[in-house]
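User: I'd like to learn how to read packing features in a model like this one. Could you walk me through it?

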Amino acid sequence: MINKRDEIIKKLDSIQSIPATVSKIYKLLKQRDELDFKELVRMIEYDPALTTNILKYANSAYYGFKYKITSLHQALIRIGMDKIFDIVIAASIGPVLKQSVKGYDLPRGKLWEHSVGVAIGAEQLAKILKINAPGYLFTAGLLIDIGKIVLGSFVDVNAQPIVKLAFEKHIPFDVAERRVLGIDHTEVGAMLLKKWGIPDEIVEVERWHHQPDRFEGDKTVVDLVHAADTLTMIAGVGGYGTDGLNYRPSSEVSTRLGLTRTINEKVIAEIIGNIEKVYEMLTI
Amino acid sequence: MIKTVDISDMKISDNENDILVTYSLGSCVGVTLYDPEENIGSLIHCMLPLSKVDRDKARKNPYMFVDTGLTKMLQEMYDRGAKRKNIVAKLAGGAKLLDKKNIFNVGERNIVVVRKILWKNDILIKGMDVGGSKSRTVRLYMENGKTTVRNKGEENEL
């Protein structure tokens, strides 16, 4: 008999890949210094929805640009390569994150709402703390719960024993997942992102967002995302599934980032204050 | 009619057919005010305790914060004809994560500020279900002022 962990990992193979144009655009963007700009414009133009979204982003209220831009070329220059990456990811993985997640009892759109909250929270937190965070911070925040889609939707695991263990013994939900399934949503999510060709920096954030102290690389982004996830849960953005508030925030992250009550509350206010604008921006 | 109160929102009613409801109270706090004699009721869903953290946002949406939100809610109740001596308050929410060191104590502070403002206004708190790590849904039934809290499919009267 194969155990649940192996069974879940095996299921990853049957999950659809992200659209081919998207992975081609990733590859182009990854070349960075030798980026073929003309080729990038041509690739994006192939995808009308993506083009619309990039224009919308470039003119979005969230980033507060003054002048309206109508050409794709200008839009790409205005928003910069890192942001294009955000939009490509939002456009390709957004629809996956918007579905309902049966195993976590999340209605359609709720996981996406939470994800957008985390992405905004991480970005706003970096801004308030004056941390010069890498450009993929927003995207890393947006993707943190993709593993819940795998466990709660694609694999459709029986959540009952996990919920029981977590709530009766008051242990964090991700710990309960590991005990019952031999794997948690962060690990399975990281595996899926890796399979989709998402850059390692982002995969690492997904992998360690509930155990940031165990991550051995530069902790800046994982710390910001962990704190933003906590604050989004506190705010109730995206509602609560079966896992509820059953997670343990790391006090080390608070210390490392220098979080204070005022900072935390400011970020919560920013999340709720900006969420509509960002939805609008990310909706094709 | 069912009237949904979003995050940082308040609804008021004097129609006995209405049910006011708010979902997903985590660390946020939900407060119901009800005047049984005038049959006026309201429900608020506040996210943060004090508006001084972001005055600009408090001006745009006073219901985001307990201090500005609850004060405005009381005013709306009086404007509709509710009497201070009749109003009963019930509250729910203020949960937290598994946060032993209490680093993120927004929930607790929300409850403290609610109690302080109600006490200052001489309003009686008749029921509450606060704290812990659970999320809650609150309903105010306008036909009789019944207030319930729901968690994991179980609905209890406050």
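User: Which residues touch the most other members of the largest nonpolar core?

Analyst: First, a word on the model: it is predicted, so local features need pLDDT of at least 70 and side-chain atom pairs count only at pLDDT 80 or more, while totals for chains, interfaces and linings use all residues. Residues are numbered from 1 along each chain as its sequence is written, and chains are lettered from A and ligands numbered from 1 in the order in which they are written.

In soluble globular proteins, nonpolar side chains tend to be buried together. A nonpolar core is a set of buried Ala, Val, Leu, Ile, Met, Phe, Trp, Tyr and Cys residues joined through C-beta atoms within 7 Å; buried means 20 or more other C-beta atoms within 10 Å of the residue's own, with C-beta atoms placed from the backbone. Here the largest core has 143 residues, and A:A122, A:V225, A:I268, A:I272 and B:C46 touch the most other members. Helix α5 (residues 72-98) of chain A gives the most to this core, 13 residues. Helices are DSSP runs (H or I, at least four residues), numbered from the N terminus.

User: What does A:I272 touch?

Analyst: Contact means that C-beta atoms, placed from the backbone, lie within 7 Å. Leaving out residues up to four places away in sequence, A:I272 touches A:A235, A:V237, B:I7, B:S8, B:M47 and B:M64.

User: How many residues of chain A are in contact with chain B, and which element gives the largest share?

Analyst: 25 residues of chain A meet 26 of chain B. On the chain A side, α13, α14 (251-257) and α15 (261-282) each give two or more residues, and α15(A) has the largest share with eight.

User: How are two packed helices described?

Analyst: By the angle between their axes and the distance between the axes. Axes are lines fitted to C-alpha atoms, for helices over the stretch in contact, and angles run from 0 to 180 degrees between N-to-C directions. Take helix α12 (residues 200-208) and helix α13 (residues 220-235), both of chain A: their axes are 9 Å apart, at an angle of about 45 degrees. A:E204, A:V205 and A:W208 of α12(A) meet A:V221, A:V222 and A:V225 of α13(A).

User: At what angle do α4(A) and α5(A) cross?

Analyst: Helix α4 (residues 48-58) of chain A and α5(A) cross at roughly 115 degrees, and their axes come within 8 Å.

Key:
Contact = placed C-beta atoms within 7 Å. Buried ≥ 20, exposed ≤ 12 C-beta atoms within 10 Å, placed from the backbone.
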